[in-house]
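Dear colleague,

Please find below the structure I promised to pass on to you. My notes on what was found in it follow directly after.

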Amino acid sequence: MQDSASRFGYFVSPDRQIDFDRNNHEVASKVAAAEPGLNWCISCGTCAATCTAAKFTDFSLRRIILQVKRGELKGLAREAQKCMLCGKCQLVCPRGISTRNLILQINRVLQSENL
Ligand code: SF4
Ligand code: SF4
C-alpha cells in the first residue's frame with residue numbers, strides 16, 4: 001500500500017454512484033405522507049446555513065432531506081437526532097416547509113422501522 005506522499009497526493013475517489021432502485025424508499029414515502037414538505041425542498045441550504053446544531057456539529061438538514069429522498073439511510077437515525085428543534089430553519093426556508101415537523105417525522109419513521 002502506497003502512502004499519499006508516494007502517490008503525489010493523487011488517489012481514486014470512492015464510487016459515489018447512487019443505485020436508486022436498490023435503495024430503501026419506504027421511509028421517504030412514509031415521511032412524505034405525514035409531512036408533504038419533504039417533496040417541496042429544493043436543497044437550497046438556507047436551513048443548514050442558519051442551523052443551531054450545525055454550529056456545534058456537522059449536522060445538515062439539507063443533507064438529511066437529500067438522504068431520505070435518495071433512500072440512503074445508513075447512519076441517518078443517529079445524524080437526525082442532532083437537531084435541537086429550535087425552529088430557526090423554519091423561519092428562513094424559502095419553500096415554507098414545516099422543517100421541525102419534517103425532522104420529527106423523519107425521526108419517528110426511522111425509529112418505527114428500527115433503522
Ligand atoms: S430546528 Fe434543527 S435543523 Fe432547524 S435550525 Fe434548529 S437545530 Fe437546525
Ligand atoms: S431551507 Fe427549505 S428548501 Fe432550502 S434546503 Fe432547507 S428545507 Fe430545503
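Which helix gives the most to the shell around ligand 1? In this predicted model, that helix is H7, with three residues.

To place this in context, I begin with the overall fold. The chain contains seven helices and zero strands, so that the order of elements from the N terminus reads α-α-α-α-α-α-α. Its C-alpha atoms occupy a box of roughly 50 × 30 × 25 Å along the principal axes. Of the 115 residues, 23% are buried. Where contacts link residues at least 6 apart in sequence, 69% of them join residues at least 24 apart.

Ligand 1 is surrounded by 15 residues, of which Cys51, Ala53, Cys83, Cys86 and Cys89 are the closest. Helix H6 (88-92) and helix H7 (99-112) each contribute at least two residues to this shell. Its composition by class is ten nonpolar, three polar and two charged residues.

Ligand 2 likewise has 15 residues around it, and the nearest are Cys41, Cys44, Thr46, Cys47 and Cys93. Here helix H2 (46-50) and helix H4 (61-70) each supply at least two residues, with H4 giving the most, namely three. By class, the shell around ligand 2 comprises nine nonpolar, four polar and two charged residues.

In summary, H7 is the main helical contributor around ligand 1, whereas H4 holds that place around ligand 2.

With kind regards

Conventions: Residues numbered from 1 in each chain as written. Chains lettered and ligands numbered in written order. Predicted model: local features only at pLDDT ≥ 70, side-chain atom pairs only at ≥ 80, totals over all residues. Helix = DSSP H or I, 4+ residues; strand = E, 2+ residues; numbered from the N terminus. Buried ≥ 20, exposed ≤ 12 C-beta atoms within 10 Å, placed from the backbone. Contact = placed C-beta atoms within 7 Å. Near = placed C-beta within 6 Å. Nonpolar A, V, L, I, M, F, W, Y, C, P; charged D, E, K, R; others polar.
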